[in-house]
Amino acid sequence: MKLYWGPHTCAIGIHILLEELGRPYETEKLDVAGGATHAPAFLAINPKGKVPTLVRDDGSVLTEFGAIATWLARTSPEAGLIPEDADAEGRMVEMLGYVEGTIHGQGFGRIFAPGKFEPQDVVHQATGLGSGSVRRQGREMVEQGFAILDPQLAGHDFAVGDTLTIADFALFYVERWAPQQDIALPANLQRHFDRMLARPAVQTVRAAWGEA
Ligand SMILES: N[C@@H](CCC(=O)N[C@@H](CS)C(=O)NCC(=O)O)C(=O)O
């Protein structure tokens, strides 16, 4: 299978998951910031124009972080990355949804691409006439999201309780964006981030991405 990824993107969580699972895979790096995901050749693979994109061995394409992570975990059941317990599984899906939809999609989305939310805001910033309110709103949403998640990790090593699940790889990628945007991680999330950084799979992928 083949993972399409780009520097600084959420695809890092899927790349780390592939390493953790020890499954054979290849990768292709895209210049996402330069618009490579919107080139016709890539849109023919994933019309959404997004990474992570996974092309499986049968040629079928899977998109969306949670879907890719779920499929990888379900097809490597020995890794135990999806809890058997229904309540814990529900908590895992809850965390995935909040990280992907709210903290990433709504919060960091406003920080990285304010023009998608309010084109005038970008004009105002460029001309010095405005305050960049969309980015500020995104920042507040991220901080609020982190504040909501932080108590859930109190006394736990992982995103959902005491065992590694696919939610850890999602939480990791938004935690990783925080210091890049000068956003302080609350204490429990900082501990989680540090714990993830110490994992060999994370170090392998960060080295491959030129970050370590
Ligand atoms: N809902 C998607 C979001 C993926 C996404 O936003 N990917 C970003 C990088 S983190 C991307 O490819 N952006 C390229 C673009 O929008 O042009 C998922 O969960 O996989």
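A polar side-chain atom of Lys50 lies 2.6 Å from an oxygen atom of the ligand. This is a predicted model, in which local features need pLDDT of at least 70 and side-chain atom pairs count only at pLDDT 80 or more, while totals for chains, interfaces and linings use all residues. Residues are numbered from 1 along each chain as its sequence is written, and side-chain values use heavy atoms, with hydrogens and water left out.

## Ligand surroundings

The ligand is surrounded by 14 residues, and the closest are His38, Lys50, Val51, Glu64 and Phe65.

| Residue and atom | Ligand atom | Distance |
|---|---|---|
| Lys50, polar side-chain atom | oxygen | 2.6 Å |
| Val51, polar backbone atom | nitrogen | 2.7 Å |
| Glu64, polar side-chain atom | nitrogen | 2.7 Å |

Val51 is also joined to Pro52 by a cis peptide bond, with omega at about 5°. Pro52 sits in the loop between α2 (40–43) and β3 (53–55). Helices (H or I, at least four residues) and strands (E, at least two) are DSSP runs, numbered from the N terminus.

Glu64 belongs to the loop between β4 (61–63) and α3. Its phi is positive, about 80°, although Glu64 is not a glycine. Glu64 is partly exposed, with a relative accessible area of 45%. On this scale buried means under 20% relative accessible area, exposed over 50%, and partly exposed in between (1.4 Å probe, protein chains only).

## Helix α1 and its cover

Helix α1 spans residues 11–21. It is mostly covered, with nine of its 11 residues buried. The buried residues of α1 are Ala11, Ile12, Gly13, Ile14, His15, Ile16, Leu17, Leu18 and Leu21. Their cover includes β1 (2–5), β2 (26–29), α3 (65–74), α8 and α10 (200–208). After α1 comes Gly22, whose phi is positive, near 65°.

His15 is buried, at a relative accessible area of 5%. Its side chain makes a polar contact with the side chain of Trp209, at 2.9 Å. A polar contact is a pair of N or O atoms within 3.5 Å; within protein, one must be able to donate a hydrogen and the other to accept it, and residues adjacent in sequence count only if both atoms are side-chain atoms. Leaving aside neighbours within four places in sequence, His15 is in contact (heavy atoms within 4.5 Å) with Leu3, Tyr25, Thr27, Val205 and Trp209.

Leu18, also in α1, is buried with a relative accessible area of 0%. Not counting residues up to four places away in sequence, Leu18 touches Met1, Leu3, Arg23, Tyr25 and Leu72.

## Two helix pairs

Two packed helices are described by the angle between their axes and the distance between the axes. Axes are lines fitted to C-alpha atoms, for helices over the stretch in contact, and angles run from 0 to 180 degrees between N-to-C directions. Angles under 35 degrees count as roughly parallel, over 145 as roughly antiparallel, 65 to 115 as roughly perpendicular and the rest as oblique.

The axes of α1 and α3 cross at roughly 5° and come within 10 Å, so these helices are roughly parallel to each other. Gly13, Ile14, Leu17, Leu18 and Leu21 of α1 meet Phe65, Ile68, Ala69 and Leu72 of α3. By class, this contact has eight nonpolar, one polar and no charged residues. Ala, Val, Leu, Ile, Met, Phe, Trp, Tyr, Cys and Pro count as nonpolar, Asp, Glu, Lys and Arg as charged, and the others, Gly among them, as polar.

Helix α8 (residues 166–180) packs against helix α9 (residues 187–197) at about 105°, with the axes 10 Å apart. This makes α8 roughly perpendicular to α9. On the α8 side the contact is made by Asp168, Phe169, Leu171, Phe172, Glu175 and Arg176, and on the α9 side by Leu189, His192, Phe193, Met196 and Leu197. The contact of α8 with α9 has seven nonpolar, one polar and three charged residues.

Asp182 lies in the loop between α8 and α9. Its phi is near 60°, a positive value in a residue other than glycine. Asp182 is exposed, at 66% relative accessibility.

Asp157 lies in the loop between α7 (133–149) and α8. It is partly exposed, with a relative accessible area of 37%. Beyond residues up to four places away in sequence, Asp157 touches Asp162, His192 and Arg195.

Definitions and conventions:
A residue is near a molecule or strand if one of its heavy atoms lies within 4 Å of it.
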